[in-house]
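Biologist: I'd like to learn how to read a ligand site. Could you walk me through one?

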Amino acid sequence: MTDTTFTPRVFSGIKPSGGLTLGNYLGAIKRFVGMQGQMETIYCVVDMHAITVWQDPKELANMTREVAAGYLAAGLDPSQSILFNQSQVAAHAELGWIFNCVARVGWMNRMTQFKDKAGSNAEKVSLGLYAYPSLMAADILLYHATHVPVGEDQKQHVELTRDIAAKFNHDYKTDFFPMTTPVIEGPAMRIMNLRDGTKKMSKSGESDMERINMTDDADKIAKKFKKAKTDPEPLPETVEGLADRPEARNLVEIYAALDDTTPEAVIAQYPGAGWGTFKPALADLAVAKLAPISEEMARLMDDPAEIDRILAVGSDKARAIAEPILKKTYDIVGLLRSS
Ligand code: TYM
């Protein structure tokens with residue numbers, strides 16, 4: 001349910017912890033761009049989240065620019081949306097600390113992403129990785145964001161954001177923070193790994209063959225789709241026939257998301273098609289949609305000073321919204337500011 005007492009405002013973010021994937025593009029960036037103009041939109045490169053696992057400093061700065069370039073190349077317009085990197089707005093860390101004091105350890109222990117990332121190594125991972133969701137709640141609530149478009153994997157974190165807002169409001173007898181709605185819709189909510197349709201496509205997967213990177217060229221994209229794992233059956237005649245066929249369903253959903261249509265329409269276009277027909281069609285579609293974006297990303301990356309300038313302007317705009325909200329939060333909590 002959307003909180004109607006707050007002005008509609010979108011916030012979302014992407015970690016610069018590796019190159020952008022087709023999952024980031026279809027599950028996030030493409031949808032972010034689609035929300036521009038409908039309400040106020042704020043998009044962030046969450047570099048402070050990236051350092052919850054080790055990042056090479058030079059590479060981190062470079063990846064921060066590359067993610068910004070990905071947003072811009074996909075159609076984010078800095079005159080319509082605020083685009084900035086998290087670490088340039090100190091209020092994120094400050095509100096994050098307050099939320100560390102609101103969120104409960106038991107809540108963090110239930111976070112499936114932490115369990116997946118920490119695995120059997122939980123004693124050795126950073127404290128930041130554990131507290132990651134409360135910084136994410138700060139990202140969102142610092143702008144009183146009402147809508148957060150994310151892929152399915154981030155749903156639990158947005159639900160935790162609601163829990164943090166509710167506990168803060170309850171503990172301090174206020175209604176200061178909104179109940180944010182996760183926006184998770186369309187065929188691209190969970191783009192899967194091309195080698196294993198039960199696992200999410202991610203930046204950090206072991207093999208490069210399991211993901212499409214936004215910087216892959218046409219040959220690589222075609223090769224990866226050609227080698228994508230499938231079952232031996234051809235495509236079904238109706239979309240119901242994709243149940244229990246994770247790899248087939250994934251390829252159909254990727255096609256649908258790239259073509260701005262539905263899995264039903266894709267099946268109607270290719271009823272009973274063999275992989276020898278469908279995979280090349282999917283590769284052609286992906287190249288047609290992604291090549292202009294990757295070319296534009298490369299062009300933007302040739303002028304890092306321009307990206308830095310855009311991020312500086314965005315950071316100023318973000319600060320102008322965030323700082324009064326942080327100040328009010330300090331007042332509510334009773335943190336004395338004497339100057
Ligand atoms: P990150 O950087 O892992 O991913 C960025 C966005 O891409 C989506 N996504 C996918 N969607 C569909 N299929 C996939 N295979 C896939 N892989 C990634 C993610 O769901 C996400 O929307 N914690 C967040 C970043 C974050 C954030 C925030 C998001 C920090 N603060 C505040 C929203 C609001 C993350 O790690 O995303």
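Modeller: Gladly! A polar contact is a pair of N or O atoms within 3.5 Å. Here, an N or O atom in the side chain of Asp-153 lies 2.5 Å from an oxygen atom of the ligand. Met-201 uses a backbone N or O atom, 2.9 Å from a ligand nitrogen.

Biologist: What should I keep in mind about the model?

Modeller: This is a predicted model, where local features need pLDDT of at least 70, side-chain atom pairs need 80 or more, and totals for chains, interfaces and linings use all residues. Numbering starts from 1 along each chain as its sequence is written, and side-chain values use heavy atoms, without hydrogens and water.

Biologist: Which residues come nearest to the ligand?

Modeller: A residue is near if one of its heavy atoms lies within 4 Å. Of the 27 residues around the ligand, Lys-15, Tyr-132, Asp-139, Asp-153 and Ile-191 come nearest.

Biologist: How does that shell divide by residue class?

Modeller: Ala, Val, Leu, Ile, Met, Phe, Trp, Tyr, Cys and Pro count as nonpolar, Asp, Glu, Lys and Arg as charged, and the others as polar. The shell holds 13 nonpolar, 8 polar and 6 charged residues.

Notes
A polar contact is a pair of N or O atoms within 3.5 Å; within protein, one must be able to donate a hydrogen and the other to accept it, and residues adjacent in sequence count only if both atoms are side-chain atoms.
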